[in-house]
Amino acid sequence: MKICILMGSPRPKGNTAALLAPVKEELEKMGHTWTEFDLYEKHIEPCIACRHCQKDWSKFGCVHRDDMQEIFDAVLDCDFLLLATPIYSLYCTPPMKAALDRLVYGMNKYYGETWGPSLWEGKPVALLATCGYPLEKAVDLLDEGIRRYCKHSKLTYVGAIAARQRKYGENFMTEDVTAQARAFALRLDAAMKAASKNTEEGDNE
């Protein structure tokens, strides 16, 4: 199955990439493929809530001419969306937030003169996060935010994996963290299979 990964870290070889690596390795072993977008390398304008995207329910329809159309197409086409980001000021990084804002308008046609559909309804979503603070104080707000984001968008939130580096120079990818990442990949695989089964059952009704 096809996975779309939105990478929100400014460091290509940082902790977020390190935590993501065994997840991708396990998913590849299971036969899944992925497309990954380095959001810091993309031109992503902030949403201006102009609602131009609400005029046509068949497409993204954004007034900005940047890299979000490519990301929108990949997210719409994928079987699973994985958000990977470090925690900055208790939430995701700026390009990740900009991408999420643009997607929530472009995908959800709720904000025009009449109520429209969610173009990505039912799609499974998961969060992978890294931080320096204790997990219960660093990841809880983002986890809850993505949970509500998914509920609003009629997405299926699978859950999150998070790992902490207490201080610079400390070994981040311990055996325990690596094992957790591989187990997380199994959760994603199960979620994709469940979503595919539900889609097939819906098509047969």
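Biologist: By class, which residues does the lining of the largest pocket have?

Modeller: The lining has six nonpolar, seven polar and three charged residues. Ala, Val, Leu, Ile, Met, Phe, Trp, Tyr, Cys and Pro count as nonpolar, Asp, Glu, Lys and Arg as charged, and the others, Gly among them, as polar. This is a predicted model, in which local features need pLDDT of at least 70 and side-chain atom pairs count only at pLDDT 80 or more, while totals for chains, interfaces and linings use all residues. Residues are numbered from 1 along each chain as its sequence is written, and side-chain values use heavy atoms, with hydrogens and water left out.

Biologist: How much space lies in that largest pocket, and which residues lie nearest its centre?

Modeller: The space is about 310 Å³. The lining comprises 16 residues, and R11, N15, C131, G132 and Y168 lie nearest the centre. Two or more lining residues come from each of α1 (15-29) and β4 (124-131). Helices (H or I, at least four residues) and strands (E, at least two) are DSSP runs, numbered from the N terminus. On a 1 Å grid over the protein atoms alone, a pocket is an open set of points with protein on both sides within 12 Å along at least five of seven lines, a cavity is a set where a 1.4 Å probe fits but cannot get out, and lining residues have an atom within 4 Å of a point. Grid points are joined across faces, edges and corners, and a volume is the space filled by probe spheres set on the points.

Biologist: And how many cavities of 30 Å³ or more does a search of the whole structure find?

Modeller: The search finds one. About 110 Å³ of space lies in the largest cavity. Its lining has 15 residues, of which C47, C50, C53, C62 and Y105 are the closest to its centre. By class, that lining has nine nonpolar, four polar and two charged residues.

Biologist: Turning to A49, what is its phi?

Modeller: Phi of A49 is near 55 degrees, a positive value in a residue other than glycine. A49 is found in the loop between β2 (33-38) and α2 (68-77). R51 lies in the loop between β2 and α2, and its phi is near 70 degrees, a positive value for a non-glycine residue.

Biologist: Why does R51 count as partly exposed?

Modeller: R51 counts as partly exposed because its relative accessibility is 43%. Buried means under 20% relative accessible area, exposed over 50%, and partly exposed in between (1.4 Å probe, protein chains only). A49, at 45%, is partly exposed.

Biologist: Is V139 buried or exposed?

Modeller: V139 is buried, with a relative accessible area of 8%. Its place is in the loop between α4 (135-138) and α5 (140-153). Leaving aside neighbours within four places in sequence, V139 is in contact (heavy atoms within 4.5 Å) with I87, A129, C131 and A162.

Biologist: Then what is E26 in contact with, leaving aside its neighbours within four places in sequence?

Modeller: E26 is in contact with R182 and A185. E26 lies in helix α1 and is buried, at 14% relative accessible area.

Biologist: Finally, at what angle do α2 and helix α3 pack?

Modeller: α2 and α3 (residues 94-107) pack at about 65 degrees, with their axes 11 Å apart. M68, F72, V75 and L76 of α2 make the contact with A99, R102, L103, G106 and M107 of α3. By class, this contact has seven nonpolar, one polar and one charged residues. Axes are lines fitted to C-alpha atoms, for helices over the stretch in contact, and angles run from 0 to 180 degrees between N-to-C directions.
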